[in-house]
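Please look at the sequence and the 3D structure shown here before reading on. The text then goes through the model step by step.

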Amino acid sequence: MLVERFTDLKTWQIARSFRKSVCDLARRPEFSNRVLAQQMMRSADSIPSNIAEGFGRLKLNDRLHYLRMALGSSYETQSHLHLAYDDGLCSAAELAALLELAQSTDRLILGLSRALQVRS
């Protein structure tokens, strides 16, 4: 498949799905007025955004930098999810499902990074 736009990237698509799931959780009433909800949404927003920004960069090092930023934001979001679970804001099943989606996102980010390095 030819990738013409960042929206064609499976990595961006899965990151977008992860972001939506995290934001759906953070918008629930039990998160109302919690700083954690804002932090979760900000870090989740950064994942697909950094993938897209990296796609638009011409230099390999810049592309890899933004993919590393996306991966870091994914890890930050996962940490926030664990904290939400610790605070009783989500169930173990919800946490497990979100972490599984996060790990899929992480694998795709790492795979894209490797593919870019091999092509250079």
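The structure is a predicted model.

Two packed helices are described by the angle between their axes and the distance between the axes. Starting with H1 and H2, the axes lie 9 Å apart and the packing angle is about 170°. Angles over 145 degrees count as roughly antiparallel, and H1 and H2 are therefore roughly antiparallel to each other. On the H1 side the contact includes Trp12, Phe18, Val22, Cys23 and Leu25, and on the H2 side it includes Met40, Met41, Asp45, Ile47 and Ile51. By class, this H1 and H2 contact holds 15 nonpolar residues, one polar residue and three charged residues.

Helix H2 covers residues 35-55 and helix H3 covers residues 60-86; their axes come within 8 Å and cross at roughly 160°. This pair too is therefore roughly antiparallel. The crossing of H2 and H3 is left-handed. Its contact is made up of 13 nonpolar, nine polar and three charged residues.

The next pair is H3 with helix H4, residues 92-119, where the axes come within 10 Å and the crossing angle is roughly 170°. That angle makes H3 roughly antiparallel to H4. From H3, the residues that meet H4 include Leu60, Leu64, Leu67, Leu71, Tyr75, Leu81 and Tyr85. Their partners in H4 include Leu95, Leu99, Ile109, Leu110 and Leu116. The class count for the contact of H3 with H4 is 17 nonpolar, five polar and two charged residues.

Which residues touch the most other members of the largest nonpolar core? They are Met40, Ile51 and Leu81, in a core of 32 residues. H1, H2, H3 and H4 are the elements that give two or more residues to this core. The most comes from H4, with eight residues.

Leaving out residues up to four places away in sequence, methionine 40 touches Val22, Leu25, Ala26, Phe31, Thr77, His80, Leu81 and Ala84. One of these, histidine 80, lies in helix H3. Buried means under 20% relative accessible area, and histidine 80 has 9%, so it is buried. With the same exclusion of sequence neighbours up to four places away, histidine 80 touches Leu36, Gln39, Met40 and Ser43.

Cysteine 23 is found in helix H1. The relative accessible area of cysteine 23 is 0%, so this residue is buried. Apart from neighbours within four places in sequence, cysteine 23 is in contact with Met41 and Asp45. Cysteine 23 and glutamate 94 are 71 residues apart along the chain, and their C-alpha atoms are separated by 13 Å.

Is asparagine 33 buried or exposed? Its relative accessibility is 80%, so asparagine 33 counts as exposed. Asparagine 33 is found in the loop between helix H1 (10-26) and H2. Most residues other than glycine have a negative phi. Asparagine 33, although not a glycine, has a positive phi of about 60°.

Conventions:
Residues numbered from 1 in each chain as written. Predicted model: local features only at pLDDT ≥ 70, side-chain atom pairs only at ≥ 80, totals over all residues. Heavy atoms only, no water. Axes fitted to C-alpha atoms, helices over the stretch in contact; angles between N-to-C directions. Helix = DSSP H or I, 4+ residues; strand = E, 2+ residues; numbered from the N terminus. Parallel < 35°, antiparallel > 145°, perpendicular 65-115°, else oblique. Left-handed = near helix turned anticlockwise from the far one by under 90°. Nonpolar A, V, L, I, M, F, W, Y, C, P; charged D, E, K, R; others polar. Buried < 20%, exposed > 50% of the residue type's maximum accessible area, 1.4 Å probe, protein only. Contact = heavy atoms within 4.5 Å. Core = buried A, V, L, I, M, F, W, Y, C linked by side-chain atoms within 4.5 Å.
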